[in-house]
Amino acid sequence: MMKDFNFYAPTRVVFGREAEEKLPQLIQQYGGRKVLVHFGGGSARRSGLLDKVEKMLTEAGINYVELGGVVPNPLLSKVKEGIELCKRENVDFILAVGGGSVIDSAKAIGYGVGYSGDVWDFWDGKAVPQSCLPIGVMLTIPAAGSEMSSSCVITNDEGMLKRGVNSDLCRCKFAIMNPERTYTLPPYQTAAGATDIMMHTMERYFSKYEDAILTDAIAEALLRTVKDATPIVLEHPEDYEHRAAIMWASSLSHNDLTECGTEKDFACHKLEHELSGLFGVTHGAGLAAIWGSWASYVKDKHLARFEKFARNVMGVEGALAGIEAIEAFFHSIGMPTSIPELIGRQATDEEIETLVDKCSRGGKMNIGAMEVLTPEDMKAVYRIANEK
């Protein structure tokens, strides 16, 4: 039976070639007077985007401070630096210029500004966010979908613990999306981003609620679109229409639309968070490396769902054929489908034990929804992925 749901997606999306020109008025519309411009490495500067942002803010009379240096799998130390900067400068709005890592770092900073304790309390389960500074996004990397999601994933430098917190408080006020800004993405980053988009959708599609007819159809169309568009943009990086399709899919994959009437599983995301936390790998690549092993481990209990995916998304018949087909697709776009491919070697037994211990919070937590995984199940999936 289809599950009851409450769908909330308040983010204003401004999409297209001229979308960036709307930035000053959008910040002012949402009350921004002193802005933190938050970004990652040098690409935002080299591309000219930061220069354009600074010029627009200056001409509109909007004061700003900047904080760069966000890395993939964004770190708690940078979040704390941002919190102190915002408090010192009386920042009242955060603009994230970049992809999911920058956006999640901005969300965490937004949570921390109004909190008197250690911001990690939210990810450690000791507190629940009660406020968040308003956040806007200028998206440059379609992947995480954080521009329209309630999710915020941060890595604690101490112990490299990667954790997620969900709250509607951090949903962005607006997201500016110009597909032209994705033309210069390296092929690996493009492919990893597309994988993350697909996985956000598949984590919701593989559900014990199998009667969400329209939601399933939306998810299948989204998956087919990204699957078909990715090889095209890898060959033709400046193909606007297919870059646009991937960019829009990024938002739709993680704003909970494809969860309406279903229940997200997200076991693979939790398994992967520990991979990228321990080994520092790219999130999308880690998802590709673990999904087939998870799927082969649980498929026999959910054959109808895997067969539907094989038929409607991959165009093949049979649960196993569907798994093999998407792993072949991952390989075709340069993604790994095993831990050795991901990290360049097999993980040691000790590393597998560490992954399981972190994922299960010391053996105290199960993961998954369609198929609940115990710590022993987690170990089995990691081992399958490690021995392929």
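User: How many bridges join β2 to strand β4, and do they run parallel or antiparallel?

Analyst: A note on the source comes before the count. This is a predicted model, in which local features need pLDDT of at least 70 and side-chain atom pairs count only at pLDDT 80 or more, while totals for chains, interfaces and linings use all residues. Residues are numbered from 1 along each chain as its sequence is written, and side-chain values use heavy atoms, with hydrogens and water left out. Strands (E, at least two residues) and helices (H or I, at least four) are DSSP runs numbered from the N terminus; two strands pair if DSSP finds at least two bridges between them. Here β2 and β4 (residues 93-98) run parallel and are joined by five bridges. His 38 has Ala 96 as its bridge partner in β4.

User: Which residue in β3 stands opposite Lys 34?

Analyst: That residue is Asn 63. Strand β3 (residues 63-67) is parallel to β2, with five bridges between them.

User: How many residues of β2 are buried?

Analyst: Buried means under 20% relative accessible area, exposed over 50%, and partly exposed in between (1.4 Å probe, protein chains only). In β2 (residues 34-39), six of six residues are buried. Lys 34, Leu 36 and His 38 cover one side, and Val 35, Val 37 and Phe 39 the other.

User: How many aromatic pairs are there?

Analyst: Rings of Phe, Tyr and Trp (its six-membered ring) pair if their centres lie within 6.5 Å; planes under 30 degrees apart count as stacked, over 60 as edge-to-face and the rest as tilted. By this rule there are 19 aromatic pairs. One of them is Phe 206 with Trp 291, which is tilted because the planes are at 55°, with the centres 5.8 Å apart. Phe 206 lies in the loop between α6 (187-205) and α7 (213-235) and Trp 291 in helix α10 (residues 283-298), so the pair ties together parts 85 residues apart in sequence. Phe 206 is buried at 0% relative accessibility, and Trp 291 is buried at 1%.

User: What is the arrangement of the rings of Trp 291 and Phe 309?

Analyst: They are tilted, since their planes are at 50°, and their centres are 5.9 Å apart. Phe 309 is in helix α11 (residues 303-314), 18 residues from Trp 291. Phe 309 is buried too, at 1% relative accessibility. Ring pairs link Tyr 205, Phe 206, Trp 291, Trp 294, Phe 306 and Phe 309 into a cluster.

User: Where does the charged end of Arg 17 sit?

Analyst: A charge sits over a ring if NZ of Lys or CZ of Arg is within 6 Å of the ring centre and within 35 degrees of the ring normal. The charged end of Arg 17 is over the ring of Tyr 240, 3.7 Å from its centre. Lys 264 lies over the face of Phe 266, 5.4 Å from the ring centre.
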